[in-house]
Amino acid sequence: MDVAVVGGTGAEGFGLTLRLARAGHHVVIGSRSRERGEESAARARELVGHDARVDGDENGPAAAGCEVVMVTVPFAGQAEIYRSLKPHVPAGRIVVDATSPLATAVGGRAWQVVRPWHGSAAEQAEALLADGVRIVGAFHTIAAEALQDLDVPVDSDVFVCGSDPQAKAIVGGLIDEIPNLRWVDSGALSMARIVETLTALLVSVNRAYKIHDSGFRVTGRESWGLPGH
């Protein structure tokens, strides 16, 4: 699958790039400048293997040419990024928003949150893009450091929320290809109002225990994925 990672030069996006490329997908790192995207792509190929299919481009062309677009940017710049992406993301495209509305966007602490006008960052993304774009919220509780350490499986579950079941299943399929990750259907896109705030909780846990990669595991059944399976 062709996957664009907008914000792929950042820690979280770069980690996702590495994991998806290792799973055999073609990943295009999106950046404000093509040169920076290409530099990050070259570094990813060095880490995954020179036969890894990783390219770099500007955000718009990267998003336009891929089946799934993952957006991993700080909340402070989220609205600007989505406005720039709108002409390049047609109806029917799957967009995965991993934005957490942390208070750092307004000069606060990373273990505090702000409440977007639309209720969540994912719902704000939906409002900024064209009608018919399939928004899925995911990856808010997966540590960037853990994603980048390719020698260690990521020990966490991924809460996936969205109002399009098929889009969630496609994103879930990508998650299942990352060793040790499981995806949990967390309901409609409005559930992002809760899921996004869990990032701040993990930041607080990490501070207390002086670690960098705490995560969540959901109990109750051996496997999650699609409900009813």
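I started with the side chain of Asp 157: one of its polar atoms lies 2.7 Å from the backbone nitrogen of Val 218. The model is predicted, so I read each distance as a computed value.

Next I asked where Asp 157 sits, and found it in strand 7, residues 157–160. Is Asp 157 buried or exposed? Its relative accessible area is 0%, so Asp 157 counts as buried. The side chain of Asp 157 also makes a polar contact with the side chain of Arg 182, at 2.7 Å. Beyond four places in sequence, I listed what Asp 157 touches; among them are Thr 141, Ile 142, Phe 216 and Trp 224.

Then I turned to helix 9. I checked its span: 12 residues at 1.5 Å a residue should give 16 Å, and the end C-alpha atoms are 17 Å apart, which agrees. I noted Leu 198, Thr 199, Ala 200, Leu 202 and Asn 206 as buried in helix 9. The buried residues of this helix pack against strand 7 and helix 8, which brought me back to the strand of Asp 157.

Last, I looked at the cores. Which residues touch the most other members of the largest nonpolar core? I found Met 70, Val 96, Phe 139, Val 158 and Ile 175, out of 37 residues. Helix 1 gives this core its largest share, 5 residues. A second, separate core has 24 residues, including Ala 4 and Val 71.

Conventions. Residues numbered from 1 in each chain as written. Predicted model: local features only at pLDDT ≥ 70, side-chain atom pairs only at ≥ 80, totals over all residues. Heavy atoms only, no water. Helix = DSSP H or I, 4+ residues; strand = E, 2+ residues; numbered from the N terminus. Buried < 20%, exposed > 50% of the residue type's maximum accessible area, 1.4 Å probe, protein only. Polar contact = N/O pair within 3.5 Å; in protein donor to acceptor, adjacent residues only side chain to side chain. Contact = heavy atoms within 4.5 Å. Expected span 1.5 Å × (residues − 1). Core = buried A, V, L, I, M, F, W, Y, C linked by side-chain atoms within 4.5 Å.
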